[in-house]
Amino acid sequence: MIRVDELQKSIISRVDEYLDIDNPLVSRQRVVLALNDALNHILAVDINANLDMPRQNVSAMDGFALAAQSQLQQGGEFTVIGESCAGTPFSGEILPNQAVRIFTGAVVPEGCDTVVMQEHTTFDQINITDKSQPYSIVLTKPAKVSANIRHQGEEIAQGDTLLSAGKRLNPSDISLLSGMGYDEIEVFSPLRIGLIATGDELVSIGQPLSNLAQIYNSNTPTLKALLSKLPIIIKDYGIVKDVFDETYEAVKHAIEECDIIISSAGVSVGDYDFLTEVVKSLGKINHYKVAMKPGKPFVFGEFATDARKVLYFGLPGNPLSTVVGCINFVRPALWQALGAIDAPLTLHLPAITTANIKKSAGRREYQRGYFEMGEKKLQVTPASAQDSHRIKQLSQANCLIVLDENSVGANQGEQVMIQLFDWVM
Ligand code: AMP
Ligand code: MG
């Protein structure tokens, strides 16, 4: 059985091939979005600076802009002849040993080459009524030429590359782009993701349960939540019965309409698990089963139509298997397929376990845990039972304890690796 890390690598290289321009997963169409709607979308073009930043020499301090060729030593006296405020520059002429009152972000007047912070002058000792211009200040410390000035283009020069195609737009990127005045931005079109739930026992939320054998389809809402930050369009194909023909038609329909299909359940070896058969008859299975717990009967496959390729991920039905499989295989693959060069990290950190952890060698295990900050290190408390149907424990957990294939568990006080759920931050 393939190991988790091998399957992850295999998925990455397959998606890479699909992103090849001659063999596209999706035609790399682009859309223009309002900047305010572009968070988490993937830039389709390089973005260059259309302005210098700062646009002119501006002050980094509240204080005084000092005329060039002035006496900058301690005790130097200046006559303050005007004001430069953010948005309203000083426009007069200035002579040596004259100064202009200036505020942070305001333009340094032509003819000035230094800013001194007001704390390094006698400004605060001057009686408030004597501050009508012109008034005098004295330097209480020597000033330095060019100090406290943010020079034009010092941070960004017009024409600089700010962001590269493939960048997933985060709040700091929005800050950078809006600082440049961009109100619209070109991003890759969202991928169309098909969700199919299978199982005769399933009922959609909002519908009544009519007998004791029925349960609610929780996997579809869970997948929608897990994928909510991705720039995708979800097509929900609802619940499909455990019948070959019905499953076949649903998958065929989804292939026509989607770039990637994700199903839940029906991939085990039960007599009513038809999905693997359906995938084989419509496309091919690249990998079936992975050495992990929960989530062993995972399927990675693909379909080809004349014009397009469609990737397929089959998650096992247990809600926990669905979550673990989605986080570790599906979600990273979707970011990659979207063209993101900086997909979100799945954060792994070391933590000290507060209880013994049982495990047998063979598969990688993802056990539910609750981590918190200990005195110096993180500590993690494993959930008391680790069966893959326990959704209440999943909801109480804030991380997964990742135990590698060879691990035979851990004793209280030992270090283990934990994978943080991204929603705890
Ligand atoms: P299966 O993979 O079809 O063998 O299903 C494994 C377990 O997951 C069974 O107990 C199913 O009832 C349950 N299950 C399957 N699909 C869902 C779903 N969409 N929501 C909640 N539980 C499910
Ligand atoms: Mg089933």
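Predicted model: local features only at pLDDT ≥ 70, side-chain atom pairs only at ≥ 80, totals over all residues.
Local features were kept at pLDDT of at least 70 and side-chain atom pairs at pLDDT 80 or more, while totals for chains, interfaces and linings use all residues. Residues are numbered from 1 along each chain as its sequence is written, and side-chain values use heavy atoms, with hydrogens and water left out.

Charged pairs come up first. Taking a salt bridge as a side-chain nitrogen of Lys or Arg within 4 Å of a carboxyl oxygen of Asp or Glu, the count comes to 14. One of them joins E17 to R14, with the closest N and O atoms 2.1 Å apart. The two sit 3 residues apart in helix α1 (residues 4-19), so about one helical turn separates them; helices here are DSSP runs of H or I with at least four residues, and strands are runs of E with at least two, numbered from the N terminus. E17 is partly exposed at a relative accessible area of 40% (buried is under 20%, exposed over 50%, partly exposed in between, with a 1.4 Å probe and protein chains only). R14 and E17 also belong to a salt-bridge network that takes in K284 and E302.

K280 and E277 make another bridge, at 3.7 Å from N to O, and these two are likewise 3 residues apart, this time in helix α5 (residues 275-282). R30 and E186 meet at 3.9 Å, N to O. Because R30 lies in strand β1 (residues 30-34) and E186 in strand β11 (residues 184-188), this pair ties together parts 156 residues apart in sequence.

Now for the rings. Phe, Tyr and Trp rings (the six-membered one for Trp) pair when their centres lie within 6.5 Å, and planes under 30 degrees apart are stacked, over 60 edge-to-face, and the rest tilted. The whole structure has 9 aromatic pairs. F298 and F313 have ring centres 6.3 Å apart and planes at 45 degrees, so they count as tilted. F298 is buried at 1% relative accessible area, and F313 is buried at 0%. Both join F300 and F329 in a cluster linked by ring pairs.

Finally, the surface. L347, W423, V424 and M425 make up a nonpolar patch with about 410 Å² of accessible area together (Shrake-Rupley method, 1.4 Å probe, only the protein chains shown counting as cover). Patch residues have over 30% relative accessible area and no salt bridge, with like charges joined within 9 Å and nonpolar side chains (Val, Leu, Ile, Met, Phe, Trp, Tyr) within 5 Å. V424 is partly exposed at 32%.

Key. Chains lettered and ligands numbered in written order.
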